[in-house]
Amino acid sequence: MIIVLSPHASEDAIDQVVARVRETGRDVNVSRGTERLVIGVIGPDAPELQNMFATMPQVESVHRVTKPYKLVSREFQPTDTVIEVGQGVTVGGPQIAVIAGPCSIESEEHIVDTARAVKAAGANILRGGAFKPRTSPYSFRGLGEAGLEHLVAARAATGMPVITELMSVRDIDTVAAHTDIIQIGARNMQNFVLLDEVGHSAKPVMVKRGMSGEIEEWLLAAEYISAKGNPNVMLCERGIRTFETAYRNTFDINAIPLVKELSHLPVIADPSHGTGRWRLVAPIGLAALTAGADGLMIEVHPNPERALSDGAQSLTYAHFAEMMQSVAGIAAAVERTVPEIEATAGAG
Ligand code: PEP
Ligand code: MN
């Protein structure tokens, strides 16, 4: 941390700041320029200190020179984190992870059928929501525990690892027992109690970016989980709110290369929520892979017109299979591999 004082600060005023810094157990390095007097604080950074020093009348400004997150930073770990999420399925390695499935699990038949179709088209992780965060309390809020049972049936039928959202600390044991990856939704990115709790879990966790979440806040959310001892964290860019109303969210493509630079954690792109419109899903998903995303999360439904949630952004089986052909092309261009494709476009 660097504390900047006015060049006209009296020796007494300077001494007071130095003494205040030393009181916190840190050392100082004073540098006198012609324009400014700068005090370098030597010792661990703590965000609350910034405010404390900034409040002193003789202080002009206080600047942090280190990042507020540590464990998830590239400085801390230069090599990419690779997370094993199921037998032979990894996220963050050379193979692109393809997470696909419906927004909500609607019945056992619905999730098993969708699982088979997305697997045949090249997905290697199945998604499906059982506890759904909905803006209106009158919307379909998911099947809860019964939905989790159906998800497990789809895993048994296809061998795919599964991911589902955890909304409340109350459900952590149940959700963890039925899933391979715990999803923290955009609306819970800063639910710090929930983050602490999944930090104590041994399951991999995917943290979606909050709809108004700054990159730093998002990385700090991941830091919460790592700091509690769970290093298996992946990030998911799912679009942010902007002034634009032509689509549901604005997929922030900049975030992908930036987060890959700042952090060693895998980054998944969710162009379904990132756009809210099925026609935009493939182009934005492909752009995200080009920008360096380690995987995709795509909402797929056997009949989007009848979906109980997010039908407008869901791909049909055929459109998903078509998109996966392009994913293979992009993967080759960025020197990555894709999960095996069993069937060609039109499957299901
Ligand atoms: C979802 O994945 O279905 C979901 C609710 O996403 P988000 O938290 O990004 O809105
Ligand atoms: Mn959804």
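**Helix pairs**

I looked up α7 and helix α8 (residues 255-262) in this predicted model. They pack at an angle of about 50 degrees, with axes 11 Å apart. I took helices as DSSP runs (H or I, at least four residues), numbered from the N terminus. Axes are lines fitted to C-alpha atoms over the stretch in contact, and angles run from 0 to 180 degrees between N-to-C directions. α7 and α8 are therefore oblique to each other. My classes: under 35 degrees is roughly parallel, over 145 roughly antiparallel, 65 to 115 roughly perpendicular, the rest oblique. α7 passes α8 in a right-handed crossing. Right-handed means that the near helix is turned clockwise from the far one by less than a right angle; anticlockwise is left-handed.

Next I took helix α6 (residues 192-200) against helix α7 (residues 215-227). Their axes lie 7 Å apart, at an angle of about 40 degrees. That makes α6 oblique to α7. The crossing of α6 past α7 is right-handed.

Then I checked helix α10 (residues 278-290) and helix α11 (residues 317-333). The axes come within 10 Å and cross at roughly 20 degrees. So α10 is roughly parallel to α11. I noted a right-handed crossing here too.

**Ligand 1**

I listed 13 residues around ligand 1 (a heavy atom within 4 Å). Arg 127, Lys 132, Ala 186, Arg 187 and Arg 238 come nearest.

I then went through polar contacts (N or O pairs within 3.5 Å). A backbone N or O atom of Ala 186 sits 2.8 Å from a ligand 1 oxygen. For a polar side-chain atom of His 273, I read 3.2 Å to an oxygen of ligand 1. For a side-chain N or O of Glu 299, the distance to a ligand 1 oxygen is 3.3 Å. The protein covers 97% of the 300 Å² of accessible area that ligand 1 has on its own (Shrake-Rupley, 1.4 Å probe).

**Conventions**

Residues are numbered from 1 along each chain as written, with chains lettered from A and ligands numbered from 1 in written order. Local features need pLDDT of at least 70, side-chain atom pairs count only at pLDDT 80 or more, totals for chains, interfaces and linings use all residues, and side-chain values use heavy atoms, without hydrogens and water.

Methods
A polar contact is a pair of N or O atoms within 3.5 Å; within protein, one must be able to donate a hydrogen and the other to accept it, and residues adjacent in sequence count only if both atoms are side-chain atoms. Helices (H or I, at least four residues) and strands (E, at least two) are DSSP runs, numbered from the N terminus.
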